[in-house]
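Please read the points below with the model open beside you. They are meant for someone who has not looked at this structure before.

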Amino acid sequence: FASLSDASATVLNINEEKATDKDIELFMATKFRVSDLEITTNQISQLVVRSQGLFIWSSTLVKYVQSSRNPEHEIQRFLSSAGETSEKPFEVLYRLYDQVIKSAIGREEDTAVIHAILGVILLSAGRRPLSANAIAVFLRHDTRFASETRKSVLNTIRSLNAVLYED
């Protein structure tokens, strides 16, 4: 332990947006370029501002954009609202979650399936997260969703992957 006495520590206040901006910028640039999404440094900088220092916002946005059918359109949509910031902590994150869920509901009949999926997730929240396959099997036992194919349920779950955790 003698060597620990010479160690130094750096205090990082994660509540200061600028402390995380460089990491968020690097993360977004790397993830978007790996997925072959054409995005400029200026566009990434605008999204970093929009994140308000919340890494979880950036991570959720990247997952959402990468899983969308038209990633360039989604980026443009978020850039067009890039000036929207909030004084309330996490409000930008809640708006992003709302957008992800709303976009997953493509058709009116999808609403009931989404509600059922989220209900199963909430009911099992105190335990280990259920896999997408387990949720699909569980929903097939509900007579309201018996006609839903496993593939349909899995596709719906996949459309929510930006806000769901799966092992």
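1. The model is predicted. The protein chain holds eight helices and zero strands, and from the N terminus on its elements run α-α-α-α-α-α-α-α.

2. Of the 167 residues in the protein chain, 36% are buried. Taking contacts between residues at least 6 apart in sequence, 59% join residues at least 24 apart.

3. Helix 6 covers residues 110-123. This helix has 14 residues and reaches 20 Å from its first C-alpha to its last, close to the 20 Å expected at 1.5 Å a residue.

4. Which residues of helix 6 are buried? They are Asp-110, Thr-111, Val-113, Ile-114, Ala-116, Ile-117 and Val-120. The cover over these buried residues includes helix 5 (91-104), helix 7 and helix 8.

5. Helix 7 (residues 132-140) packs on helix 6 at an angle of about 115°, and the two axes are 10 Å apart. An angle of 65 to 115 degrees counts as roughly perpendicular, and helix 6 and helix 7 are therefore described as roughly perpendicular to each other. Their crossing is right-handed.

6. On the helix 6 side, that contact is made by Ala-116, Ile-117, Val-120 and Ile-121; on the helix 7 side, by Ile-135, Phe-138 and Leu-139. By type, the residues of the contact are seven nonpolar, no polar and no charged. Ala-116, Ile-117 and Val-120 are also among the buried residues of helix 6.

7. Thr-156 sits in helix 8, which spans residues 150-159. Is Thr-156 buried or exposed? Its relative accessible area is 10%, and the cut-off for buried is under 20%, so Thr-156 counts as buried. Leaving aside residues up to four places away in sequence, Thr-156 touches Val-113, Ile-114 and Ile-117.

8. Thr-60 belongs to helix 3 (residues 55-67). With a relative accessibility of 2%, Thr-60 is buried. What does Thr-60 touch, not counting residues up to four places away in sequence? Its contacts are Leu-93, Leu-96, Tyr-97, Ala-162 and Val-163.

Technical notes: Residues are numbered from 1 along each chain as its sequence is written. This is a predicted model: local features need pLDDT of at least 70, side-chain atom pairs count only at pLDDT 80 or more; totals for chains, interfaces and linings use all residues. Side-chain values use heavy atoms; hydrogens and water are left out. Helices (H or I, at least four residues) and strands (E, at least two) are DSSP runs, numbered from the N terminus. Buried means under 20% relative accessible area, exposed over 50%, partly exposed in between (1.4 Å probe, protein chains only). Contact means heavy atoms within 4.5 Å. Axes are lines fitted to C-alpha atoms, for helices over the stretch in contact, and angles run from 0 to 180 degrees between N-to-C directions. Angles under 35 degrees count as roughly parallel, over 145 as roughly antiparallel, 65 to 115 as roughly perpendicular and the rest as oblique. A crossing is left-handed if the near helix is turned anticlockwise from the far one by less than a right angle, and right-handed if clockwise. Ala, Val, Leu, Ile, Met, Phe, Trp, Tyr, Cys and Pro count as nonpolar, Asp, Glu, Lys and Arg as charged, and the others, Gly among them, as polar. The expected span of a helix is 1.5 Å times one less than its number of residues.
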